[in-house]
Amino acid sequence: MDFLHLLLVFLHILGAAAIVGGWLATFKNPTVTQWQWIGALTQLVTGLLLVGIAEMADGDGPNHAKIAVKLVLALGVGVAAFIGRRKVKSGQDVSKGLAHGVGGLALINIAVAVFWV
């Protein structure tokens, strides 16, 4: 179970890196990359699996308020990335607000994970 937990944490961090890295790479000409969309899905799935593992462990379990905030932020990132990718595929321009929303919400989600103990 320890290996599974470490693997999920590794994938979760890679998902965050894909979102924020894609955001920073396209900061001057904002868009939503395919890797940001994949990162958003990875973050959502691995985050839910990590919470499931934490619920099964001995002890108090995860902070449910923190998990709820992180889930809402992750859903916001996922929806914004989905809309942005759909616009890119149909040849439309992605608004700056939408593109920066994907990266900004992901960055806020990382900050919540780090600073909310």
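On a 1 Å grid over the protein atoms alone, a cavity is a set of points where a 1.4 Å probe fits but cannot get out, and lining residues have an atom within 4 Å of a point. Grid points are joined across faces, edges and corners, and a volume is the space filled by probe spheres set on the points.

A note on what I am reading: this is a predicted model, where local features need pLDDT of at least 70, side-chain atom pairs count only at pLDDT 80 or more, and totals for chains, interfaces and linings use all residues. Residues are numbered from 1 along each chain as its sequence is written, and side-chain values use heavy atoms, with hydrogens and water left out.

**The cavity**

I looked up the volume of the largest cavity and got about 40 Å³. Its lining is made by Ile19, Ala40, Gln43, Ala74, Val77, Ala106 and Asn109. I sorted these by class and counted 5 nonpolar, 2 polar and no charged residues. For the classes, Ala, Val, Leu, Ile, Met, Phe, Trp, Tyr, Cys and Pro count as nonpolar, Asp, Glu, Lys and Arg as charged, and the others, Gly among them, as polar. At least two lining residues come from each of α2 (34-56), α3 (64-89) and α4 (96-115). Helices here are DSSP runs (H or I, at least four residues), numbered from the N terminus.

**The pocket**

Next I turned to open space, where a pocket is an open set with protein on both sides within 12 Å along at least five of seven lines. The largest pocket holds about 540 Å³ of space. Of the 23 residues that line this pocket, His12, Gly47, Leu50, Ile67 and Lys70 are the closest to its centre. α1, α2, α3 and α4 each give two or more residues to the pocket lining. Which element gives the most to it? I found that it is α2, with 7 residues. By class, the pocket lining has 15 nonpolar, 6 polar and 2 charged residues.

**Helix by helix**

I checked each span against the expected one, which is 1.5 Å times one less than the number of residues in the helix. Helix α1 (residues 2-25) has 24 residues and runs 34 Å from first C-alpha to last, close to the 34 Å expected. α2, with 23 residues, reaches 33 Å, close to the expected 33 Å. α3 has 26 residues and covers 37 Å, close to the 38 Å expected.

Then I went through burial (buried is under 20% relative accessible area, exposed over 50%, partly exposed in between, with a 1.4 Å probe and protein chains only). In α1 the buried residues include His12, Ala18, Ile19 and Trp23, and the buried set packs against α2, α3 and α4. Contact here means heavy atoms within 4.5 Å. In α2, Gln36, Ala40, Gln43, Gly47 and Leu50 are among the buried residues, and the buried residues of this helix pack against α1, α3 and α4. The buried residues of α3 include Lys66, Lys70 and Arg85, and their cover includes α1, α2 and α4.

**Single residues**

I picked glutamine 36 in helix α2. Is glutamine 36 buried or exposed? It counts as buried, because its relative accessibility is 0%. Leaving aside neighbours within four places in sequence, glutamine 36 is in contact with Ala18, Ile19, Gly22, Trp23, Thr31, Ala81 and Val102.

Glycine 103 lies in helix α4 and is buried, with a relative accessible area of 0%. Not counting residues up to four places away in sequence, glycine 103 touches Ile19 and Trp23. Glycine 103 and alanine 18 sit 85 residues apart in sequence, and 9.7 Å apart in space from C-alpha to C-alpha.

Leucine 14, in helix α1, counts as partly exposed at 43% relative accessibility. Leucine 14 and threonine 42 are 28 residues apart in sequence and 8.2 Å apart in space, C-alpha to C-alpha.

**Aromatic pairs**

Last, I looked for rings of Phe, Tyr and Trp (its six-membered ring) with centres within 6.5 Å, calling planes under 30 degrees apart stacked, over 60 edge-to-face and the rest tilted. By this rule I have 2 aromatic pairs. One of them joins tryptophan 37 and phenylalanine 82, tilted, at 5.6 Å centre to centre with 50° between the planes. This pair links distant parts of the chain, with tryptophan 37 in helix α2 and phenylalanine 82 in helix α3, 45 residues apart. Tryptophan 37 is partly exposed at 24% relative accessible area, and phenylalanine 82 counts as partly exposed at 38%.
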